Amino acid sequence: MVDFKEYAKSTYQWKPGHEKELRITKSSLTSDFDFCPKQYEYKRIDGRKSPQTDDMTRGTNVHDAMEIYFVNVKPVVSKIKALATEGKDEEAFGLMMKCLPEPEEPYALDEDPIIQTRMEWEYARLLSTDEKHYLPIMNEEEVHTHYVKKVEVNGETYEVPIHLAGMIDRGFLTEENKVALMELKTGKWISSGRKLERKRRDMRTEMAFYAVLLEKANHPYKDVTHWGWLFPGGDRLGLPDTETHWDYEKIHKRYFKSIEKRIDNLIEAYILDNFPIDPHEKKCVWCDFRRECPAWAEGFWDIYEEEEQ
């Protein structure tokens, strides 16, 4: 559930001296600002809306289903585990599947095979652990923290009030009773090459944001030692070099520093009121604001559309 009282304390329309704090979320920092500062300005500061896409709807449906699953499975997880131990896999998995919610309308965007794969992974995980470590300690956990960050821009020192916020998909206890964070994605997973390493760096950056958030919030589950991500629909489009995939690994603390650096860069952009364009046709094709973006010089858009046709 969104805590609107917390969000009322901050704004994306921040300027030095503003009565509210500068809002920074995982998506605004590691997706929008990283992707293109100008897109960030259009989306977050100007408040321009992007149309709802099938990818967004699919992601929301799958996330909602898994959130409710982890609530519903809690009272029956011991029974499922007992059935599995007795070798009654079909009955055990069937009971697990019954913990999923019934959608108000039948899924129409390939949610079912994504959820099926996700649940098969859940069943395998339950077989390999106990109830204490199977059930999440965080389930779509909304976390907020407020602090003041001192930065220097062009020789002048600023004290910037920050509101850091994020929604953590899942957190679990590790065998050492520390914390592991897991992120669910419904997009594609690249299985080889440079794009694979870039994808892993991107995911580590996202997970580092959550770990930093928990640490700064002095959250009870701030002792994060592992993280991972799941792409149960990673091969949904049938594209070459894609696959369903999950990763689980020890944290990489160097990514914590990269989050702090990103926050510094974002603050500097606000102080200087400078959100430069970062154009590339492979990136811009995904941007909803390219028609009004100064990167797309007069005539360039028409040329691009002709090439697409």
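Predicted model: local features only at pLDDT ≥ 70, side-chain atom pairs only at ≥ 80, totals over all residues.
At what angle do helix α2 and α3 pack, and how far apart are their axes? Residues are numbered from 1 along each chain as its sequence is written, and side-chain values use heavy atoms, with hydrogens and water left out.

**Entry 1: α2 and α3**

I looked up helix α2 (residues 26-35) against α3 and found a packing angle of about 125°, with the axes 5 Å apart. That angle makes α2 oblique to α3, where under 35 degrees counts as roughly parallel, over 145 as roughly antiparallel, 65 to 115 as roughly perpendicular and the rest as oblique. The axes are lines fitted to C-alpha atoms, for helices over the stretch in contact, and the angles run from 0 to 180 degrees between N-to-C directions. For the elements themselves I used DSSP runs numbered from the N terminus, with helices (H or I) of at least four residues and strands (E) of at least two.

I then listed the residues that meet, namely Ser27, Ser28, Asp32, Phe33 and Phe35 on the α2 side and Pro37, Gln39, Tyr40, Lys43 and Arg44 on the α3 side, with contact taken as heavy atoms within 4.5 Å. By class, this contact of α2 with α3 holds four nonpolar, three polar and three charged residues; here Ala, Val, Leu, Ile, Met, Phe, Trp, Tyr, Cys and Pro count as nonpolar, Asp, Glu, Lys and Arg as charged, and the others, Gly among them, as polar.

Why do I call α3 largely enclosed by the rest of the structure? Eight of its nine residues are buried, so α3 is largely enclosed in that sense, buried meaning under 20% relative accessible area, exposed over 50% and partly exposed in between (1.4 Å probe, protein chains only). The buried residues of α3 are Pro37, Lys38, Gln39, Tyr40, Glu41, Tyr42, Arg44 and Ile45, and they pack against β2 (21-25), α2 and α10 (254-272). Just after α3, I noted that Gly47 takes a positive phi of about 75°.

I next looked at Lys38, which lies in α3 (residues 37-45) and is buried, with a relative accessible area of 16%. Its side chain is joined to that of Glu41 by a polar contact of 2.8 Å, a term that covers a pair of N or O atoms within 3.5 Å, where within protein one must be able to donate a hydrogen and the other to accept it, and residues adjacent in sequence count only if both atoms are side-chain atoms. A polar atom of the Lys38 side chain also lies 3.4 Å from the backbone oxygen of Phe275. Leaving aside neighbours within four places in sequence, I found Lys38 in contact with Phe275, Pro276, Ile277 and Cys293.

The contact is made by Asp89, Ala92, Phe93, Met96 and Met97 of α6 together with Gln116, Met119, Glu120, Glu122, Tyr123 and Leu126 of α7. By class I recorded seven nonpolar, one polar and three charged residues in it.

In the loop between α6 and α7 I found Asp110, which has a positive phi of about 65° although it is not a glycine. Asp110 counts as partly exposed, at 39% relative accessibility.

**Entry 2: further residues**

Asp241, in the loop between β6 (224-231) and β7 (245-250), likewise has a positive phi, near 60°, in a residue other than glycine, and at 48% relative accessibility it counts as partly exposed.

Is Gly166 buried or exposed? Gly166, found in strand β4 (residues 156-173), is buried, with a relative accessible area of 6%. Apart from its neighbours within four places in sequence, I list Glu141, Glu142, Val143 and Leu213 as contacts of Gly166.

Thr186 has its place in the loop between β5 (179-184) and α9 (193-216) and is buried, at 13% relative accessible area. With neighbours within four places in sequence again left aside, Thr186 is in contact with Gly59, Val62, Ile114 and Gly233.
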